[in-house]
Amino acid sequence: MTQEQFADCINRIKQNDKSGLKEIYDEYLGMIYSIIYGVVNQRENAEDITQDFFVKLYKMAPTMDLKDSHKTFLSVIARNMAIDFIRKDSRNISVDDFVEEGIEPVEKETVEETVVGDMTVTEALATLSENERQVVSMKVLSDMTFKEISETLGVPMGTITWRYQEAIKKLRRLGYE
Amino acid sequence: MNKDFAKEYKDAVVNDLPDLWDRIEAALPEDVNAQDDATTPVAPIEFKKEEKPKKKKKKLVWLYAVIPAAAIILVVLIPVGALLTAGIFGLTTKQSSNSMAAAAPAAASDSDSIAYEASEAASFDEDPSFNINSVAEAPESIDSIFEDDNLKGAEAQGEKTKDLIPEPVLPGAADTEEEQELLDIGNGYLLANAKMKVKVDGTYTDDAIGTVAELQITSISGKNNEVYDGFSGFSVGECVKAKPEGFDNALKPGVEYEVSIYLYAPGDYWVIRPAD
């Protein structure tokens with residue numbers, strides 16, 4: 001979608017024409033959902049935030065003043081909404097909070113024991129620990145820097161890079177690069 | 001053959017996209033241009049800071065720490081000085097106590113604590129039963145004298161003394177009074193950032209909280225305070241939902257405001273107020 005097409009969609013929203021939002025939805029749902037899923041790493045929450053994102057975009061339309069790329073604008077809003085959710089959510093004490101920092105859960109099944117050849121990306125991700133998967137998702141899907149991931153999760157950057165390297169090592173053994 | 005993980009992962013997520021349009025459409029407002037007329041300005045809340053005699057307490061803490069320390073130093077220095085004098089010059093026990101008495105007045109002009117030293121030394125001099133052999137017991141005896149003095153003082157001050165006993169410092173409490181004021185302005189409001197600019201995206205009414213504004217942070221000039229564990233502060237571009245308080249008029253979408261942002265701890269939500 002070009003900048004002009006996007007501006008046209010926004011103008012239609014300003015006139016209460018939902019088709020403008022539908023076009024944006026059809027074009028960018030994949031991108032927005034991926035970014036949000038990458039941060040929250042949980043399907044139900046990602047769907048809720050994606051819904052909130054489009055509702056917010058619709059409400060923002062009358063006051064929207066787009067100077068830069070609309071794609072960047074949408075990405076930043078989506079990512080910030082997801083990060084905001086994570087930050088708020090992290091205040092609720094979860095079982096993960098009791099796992100000592102830097103100690104990763106031991107995999108019951110080692111990577112070597114799995115059948116490498118026909119493994120799908122979903123199966124490959126399942127070989128990662130929850131913490132590793134979250135860092136990989138934020139990095140790959142949301143295109144976040146290690147510093148941003150560190151700040152979002154409230155975990156030292158060294159731990160984040162370590163988790164990422166461990167995840168990449170495991171994925172390499174499974175034939176991914 | 002190596003597979004591209006990033007590409008496959010993105011494809012996998014996109015191929016598994018949920019259809020959210022019906023949900024989104026149901027949540028859209030009828031008229032996107034309509035202002036939220038239900039938004040009424042919240043009456044400004046006056047926060048009266050509780051007057052805490054914190055500074056006074058701090059001074060007392062200082063006093064309670066320094067006076068016994070000075071007493072202990074005196075208790076140790078006087079006998080050690082006496083021992084050294086006796087050892088070096090081969091003086092008799094009586095002579096050594098005399099030399100302390102001579103040294104004490106000279107030192108007395110330096111400070112109150114040293115004056116105390118002088119008076120203690122003088123009392124040794126006057127006491128005919130004073131014996132250098134009892135020096136080892138001196139710390140305990142002088143300490144007990146000092147304790148007695150404290151007790152006498154406490155009795156003289158009566159109930160006042162109880163008020164002056166410093167309260168225990170809770171872990172995680174702000175280190176300085178200034179910091180305390182920054183973080184907690186009373187009634188459960190914790191100052192997260194004193195000055196930032198936000199652009200209002202829109203407002204809506206929450207059943208529990210009331211009016212809630214959807215904001216985007218456009219600039220930050222205040223200091224981020226860690227109002228809860230793990231909170232790393234706000235960043236420019238971040239979207240925040242907060243309850244507006246203390247504004248004369250309803251917040252207008254698209255308008256930029258300079259605000260202070262607080263965490264209202266009892267309700268667990270953000271609150272914005274016009275920046276001072």
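## Helix H8 of chain A

In this predicted model, the exposed residues A:Gly158, A:Gln165 and A:Lys169 lie on one side of helix H8 of chain A. On the other side of H8(A), the buried residues are A:Ile160, A:Arg163, A:Ala167, A:Lys170 and A:Leu171. Viewed down the axis of H8(A), the buried residues stay within an arc of 100°, so they line one face of the helix. An α-helix has 3.6 residues a turn, so residues three or four places apart point the same way.

H8(A) comprises 17 residues, 157–173, which at 1.5 Å a residue should span 24 Å; the C-alpha atoms at its ends are 25 Å apart, in agreement with that expectation. The cover over the buried residues of H8(A) includes H5, helix H6 (130–140) and helix H7 (146–153) of chain A, and also helix H1 (5–15) of chain B. After H8(A) comes A:Gly175, which has a positive phi, near 95°.

## Contact between chains A and B

Chain A contributes 40 residues to the contact and chain B contributes 36 residues. On the side of chain A that touches chain B, the elements giving two or more residues are helix H1 (3–14), helix H2 (18–40), helix H3 (43–60), helix H4 (70–89) and helix H5 (121–126) of chain A. H3(A) gives the most to this side, with nine residues. Classified by type, the side of chain A that touches chain B consists of 19 nonpolar, eleven polar and ten charged residues.

## Helix H3 of chain A

The 18 residues of H3(A) should span 26 Å at 1.5 Å a residue, and the 25 Å between its end C-alpha atoms agrees with this.

## Organisation of chain B

Chain B contains eight helices and six strands. Along the sequence its pattern is α-α-α-α-α-α-α-α-β-β-β-β-β-β. Of the 276 residues in chain B, 21% are buried. Among its contacts between residues at least 6 apart in sequence, 63% join residues at least 24 apart.

Five of the six residues of strand E4 (239–244) of chain B are buried, so this strand is largely enclosed by the rest of the structure. E4(B) runs antiparallel to E3(B), with four bridges joining the two, and B:Gln216 stands opposite B:Cys239 in E4(B). E4(B) also pairs with strand E6 (269–274) of chain B, in the parallel sense and over three bridges. B:Ala242 stands opposite B:Trp270 in E6(B).

## Confidence of the model

The scores of the model are ipTM 0.70 and pTM 0.41. Chain B has a mean pLDDT of 66, with 52% of its residues reaching 70 or more. Residues 35–50 of chain B have pLDDT below 50, and this stretch has 21 contacts in the model beyond near neighbours in sequence. Residues 91–182 of chain B also stay under 50 in pLDDT, and the model has 72 contacts for them beyond four places in sequence.

Notes
Residues are numbered from 1 along each chain as its sequence is written. Chains are lettered from A and ligands numbered from 1 in the order in which they are written. This is a predicted model: local features need pLDDT of at least 70, side-chain atom pairs count only at pLDDT 80 or more; totals for chains, interfaces and linings use all residues. Two residues are in contact if their C-beta atoms, placed from the backbone, lie within 7 Å. Ala, Val, Leu, Ile, Met, Phe, Trp, Tyr, Cys and Pro count as nonpolar, Asp, Glu, Lys and Arg as charged, and the others, Gly among them, as polar. The expected span of a helix is 1.5 Å times one less than its number of residues. A residue is buried if 20 or more other C-beta atoms lie within 10 Å of its own, exposed if 12 or fewer, and partly exposed in between; C-beta atoms are placed from the backbone. The arc is that of the directions from the helix axis to the C-beta atoms. pLDDT is the predictor's confidence in each residue, from 0 to 100. Two strands pair if DSSP finds at least two bridges between them.
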